[in-house]
Amino acid sequence: MSLAPTMHRYTSALNQAPLTRRIGRVTRSQGLVLEANGPDAFLGEVCAIYSRSQGTPVLGEVVGIRDGRVLLMPYGELHGIGLGSEVIARGQALRVAAGNGYLGRVVDAFGKPIDGIAPPPVDVMVPLRREAINPLSRPPIRNVLECGIRAIDTLLTIGRGQRIGIFSGSGVGKSTLLGMLARNVRSDVNVVAMVGERGREVREFIENALGPAGLKRSVVVVSTSEQPALLRCNAAYTATALAEYFRDQGADVALIMDSVSRFAMAQREIGLAIGEPPTARGYTPSVFASLPRLMERCGTAASGGSITAFYTVLAEGDDFYGDPVVDATRSVLDGHLVLTRELADRRHFPSIDVLKSISRLMPVLASPADQALAQQAVRLLDRLHKSRDLIDIGAYKSGVNAELDRAMRLAPWLERFLCQSGDEVIPRADALASLSALLKET
């Protein structure tokens, strides 16, 4: 029996094993950041920070290097950490476990279950940060993704692998729409990222909005608002890494992230803590560099799988055109859904303003007949919107404009068509047939 294969395994393990420890010492603590004299670490590397009173170290990440010092941001509390505390480099960036056993589970930003059930079997460890797929290796988006929501499937058709923003103010039905998407979307797997969410709302979303049927085919990644900024950022990266794992297995994945705004705020905290200059509304340059790096990882892949991403963006003061995060996100994504307070105040849910929303891939995805149907409906809604003031004050008289007369006649039916209760699931073919029948009314 030859010993060569066995010896090869041993020598490979020895070559990869760290034979020395890279050690540093804490020299300064300022705000969210620790400065250390060493170790010789790379950006993104995980380090263990040992306190003098506790045996269990606090994990931290190298976020910068300044004047020969290593800047570390901890993942947890720094109780017991002081001047001279030992810092040991772990030799790798953060990785999370992935596998089919994680379906139906709720995990934290490290990928560890927080639902009180034993961890599932680990198929593979995946890195949080990966390069986006080569653009020439991406298959084109040609297949429609049914969302089960009439307003989206008929007037804002979305494809498998598309990236969509959901822009809204506070309290206009964003969570309701996310729950409808998570339950109704025709995907193989859902990955839901709750970044910086209120702790109270996590369980409510899982039990009420997502429901048992939605959770069964989902992985929920949670980082609540009280956790350190680095964990809130990593929750977004963890969710994306898990979505990539399922996509690489050939699955069609729906990635639902709530919210990009809180991801950007967490990245701003990190940037300001390490000395980046603030720019628009206090956001640092790293925020606007991180957004495309995160979002470009989604899309189609040669494996045959895809990641269709829905990113919520909270517009401060309902400002959809002056908020820098909204602008940066709009420029990267393949379309957006705008939720307006005007519709929400009228109890029109989902409160999608189809005149302000767009799917950039709809001309490729929808048939000419479906596009003509959508254009006709949007044109009637636009005509009604532009003439609303005249109608409300009684200045318009029937018969002056035939198209406006038709829009006024069909308005109640169009509004009823665009409204949908949270537990309704409407197949796209049925929705198109209903819209066609509605527009044939005279």
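Analyst: A residue counts as buried when its relative accessible area is under 20%, and as exposed when that area is over 50%. The structure above is a predicted model.

User: With that cut-off, what percentage of the 442 residues of the protein count as buried?

Analyst: Of the 442 residues, 52% count as buried. The accessible surface of the protein comes to about 20600 Å², and carbon and sulfur atoms hold 54% of that surface.

User: How many helices and strands does the protein have, and what does the C-alpha trace span along its principal axes?

Analyst: There are 14 helices and 17 strands. The C-alpha trace spans about 85 × 60 × 40 Å along the principal axes.

User: How many positive and negative side chains does the protein have, and how far apart are the centres of the two sets?

Analyst: The protein carries 50 positive and 46 negative side chains. The centres of these two sets lie 2 Å apart.

User: Now the strands. Which way do the residues of S13 point, and are they buried or exposed?

Analyst: The general idea is that side chains in a regular strand alternate between the two faces of the sheet. In S13, Asp-252, Ala-254, Ile-256 and Asp-258 point one way, while Val-253, Leu-255 and Met-257 point the other way. Both sets are buried. The strand is mostly covered, with seven of its seven residues buried.

User: Which strands pair with S13, and in what sense?

Analyst: S11 (residues 189–197) pairs with S13 in the parallel sense over six bridges. Within that pairing, Val-189 has Val-253 as its bridge partner. S15 (residues 306–314) also pairs with S13 in the parallel sense, over six bridges. There, Asp-252 stands opposite Ser-306.

User: Why is S3 described as largely enclosed by the rest of the structure?

Analyst: Five of the five residues of S3 (residues 45–49) are buried, so the strand is largely enclosed by the rest of the structure. Glu-45, Cys-47 and Ile-49 point one way, Val-46 and Ala-48 the other way, and all are buried. S3 pairs with S6 (residues 86–93) in the antiparallel sense over four bridges, and Glu-45 stands opposite Ala-93. S3 also pairs with S4 (residues 58–66), in the antiparallel sense over four bridges, where Val-46 stands opposite Glu-61.

User: How many residues has the largest nonpolar core, and which have the most contacts inside it?

Analyst: A nonpolar core is a set of buried residues of nonpolar types joined through side-chain atoms within 4.5 Å. The largest one here has 63 residues. Those with the most contacts inside it are Val-191, Phe-246, Val-253, Leu-255, Met-257, Phe-263 and Tyr-311. Helix H5 (residues 229–248) supplies the largest share of this core, 13 residues. Apart from this core lies another of 57 residues, including Val-192, Ile-352, Leu-384 and Ile-391.

User: Which residues does Leu-255 touch, not counting those up to four places away in sequence?

Analyst: Leu-255 touches Val-191, Ala-239, Thr-240, Cys-298, Ile-307, Thr-308, Ala-309, Phe-310 and Tyr-311.

User: What is phi of Arg-281, and what is phi of Arg-347?

Analyst: Arg-281 has phi near 50°, a positive value in a residue other than glycine. Its place is the loop between H6 and helix H7 (285–295). For Arg-347, phi is near 60°, again positive in a residue other than glycine. Arg-347 is found in the loop between H9 and S17.

User: Is Arg-281 buried or partly exposed, and is Arg-347 buried or exposed?

Analyst: Arg-281 has a relative accessible area of 43%, so this residue is partly exposed. Arg-347 is at 61% relative accessibility and therefore counts as exposed.

Terms used: Residues are numbered from 1 along each chain as its sequence is written. This is a predicted model: local features need pLDDT of at least 70, side-chain atom pairs count only at pLDDT 80 or more; totals for chains, interfaces and linings use all residues. Side-chain values use heavy atoms; hydrogens and water are left out. Helices (H or I, at least four residues) and strands (E, at least two) are DSSP runs, numbered from the N terminus. Buried means under 20% relative accessible area, exposed over 50%, partly exposed in between (1.4 Å probe, protein chains only). Accessible areas come from the Shrake-Rupley method with a 1.4 Å probe; for residues, only the protein chains shown count as cover. Lys and Arg count as positive and Asp and Glu as negative; His and the chain ends are not counted. The place of a charge is taken as NZ of Lys, CZ of Arg, CG of Asp or CD of Glu. Contact means heavy atoms within 4.5 Å. Two strands pair if DSSP finds at least two bridges between them.
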